[in-house]
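Here are my notes for you to read with the model open beside you.

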Amino acid sequence: MIHGQPFGVRNLIIFLTFSVILVTLVLQGLTLPSVIRALGLAGKKGMEPEERYARQLALKEALAYLEASKQDKSEAYAHAYDDLIDRYEHRAAAVSGEGGERAATKAEVYHELVRASRGAVEAERRTIIRLRDQGLISDDVQRRVERELDLEETRFDLRP
């Protein structure tokens, strides 16, 4: 109050203050990610060369270990080792991103394997829930089986 008079532009000052805060926080906050991407400051997506090299070397060593271990085992274990070796070859192809048509095919097959595995786990989960809903299994059995299914699902999240 000046000389007993109310401050006449109080509402205008409050509105302008609100507008400035809104523009600086909300508008800039929403547009900043777009500006960063447009300027090329966002960084690279995907694996960096160092990570790609480390993964390739680790997968190569794992494949060598599996091949050597397979030689020491009887024919009864051959299918299991072949399956595991094939999975590692698919992962290696996906990491390398090179090798022409064969690597692309291996990567596609690996991604299809992951997709199909996830679908199979979901089918198992639906069946377990249906059996529990029908009263054919207890809640304890459902929890134990679902825990195993959860662990199986986490395997798919470890892909390169």
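1. A word on terms before anything else: contact here means heavy atoms within 4.5 Å. This is a predicted model, in which local features need pLDDT of at least 70 and side-chain atom pairs count only at pLDDT 80 or more, while totals for chains, interfaces and linings use all residues. Residues are numbered from 1 along each chain as its sequence is written, and side-chain values use heavy atoms, with hydrogens and water left out.

2. Let's start with the overall layout. The protein chain has five helices and zero strands, and along the sequence the pattern reads α-α-α-α-α. Helices (H or I, at least four residues) and strands (E, at least two) are DSSP runs, numbered from the N terminus.

3. Next comes burial. Of the 160 residues in the protein chain, 16% are buried. Buried means under 20% relative accessible area, exposed means over 50%, and partly exposed lies in between (1.4 Å probe, protein chains only). The protein chain exposes about 12,600 Å², and carbon and sulfur atoms supply 58% of that area. These areas come from the Shrake-Rupley method with a 1.4 Å probe; for residues, only the protein chains shown count as cover. Among contacts between residues at least 6 apart in sequence, 51% join residues at least 24 apart.

4. Do have a look at helix α2, residues 49-72. Its 24 residues should span 34 Å at 1.5 Å a residue, and the end C-alpha atoms are 35 Å apart, which agrees. (The expected span is 1.5 Å times one less than the number of residues.) Which residues of α2 are buried? They are L59, A62, L63, L66 and S69, and the buried residues of α2 pack against α3 (78-96).

5. With 19 residues, α3 reaches 26 Å from its first C-alpha to its last, close to the 27 Å expected at 1.5 Å a residue. The buried residues of α3 are A78, Y81, I85, H90, A93, V95 and S96.

6. Now for the charged pairs. A salt bridge is a side-chain nitrogen of Lys or Arg within 4 Å of a carboxyl oxygen of Asp or Glu, and the count comes to nine salt bridges. One of them joins K70 to D82, with the closest N and O atoms 2.3 Å apart. K70 lies in helix α2 and D82 in helix α3, so this pair ties together parts that are twelve residues apart in sequence. K70 is partly exposed at 24% relative accessible area, and D82 is partly exposed too, at 35%.

7. R125 deserves a point of its own. Is R125 buried or exposed? With a relative accessible area of 13%, R125 is buried; its place is in helix α4. Leaving aside neighbours within four places in sequence, R125 is in contact with E146, L149, D150 and E153.

8. An α-helix has 3.6 residues a turn, so residues three or four places apart point the same way. E122 is partly exposed, with a relative accessible area of 32%.

9. The other runs between helices. The side chains of R125 and D150 meet in a salt bridge at 3.0 Å, N to O. R125 lies in helix α4 and D150 in helix α5 (residues 139-156), so the pair ties together parts that are 25 residues apart in sequence. D150 is partly exposed, at 38% relative accessible area. Taken as a group, E122, R125, E146, D150 and E153 are linked in a network of salt bridges.

10. V141 also sits in helix α5 and counts as partly exposed at 28% relative accessibility. Although V141 and I128 are 13 residues apart along the chain, their C-alpha atoms are separated by 8.9 Å.

11. Finally, the rings. The charged end of R91 sits over the ring of Y88, 5.3 Å from its centre. That label requires NZ of Lys or CZ of Arg within 6 Å of the ring centre and within 35 degrees of the ring normal.

Conventions:
The expected span of a helix is 1.5 Å times one less than its number of residues.
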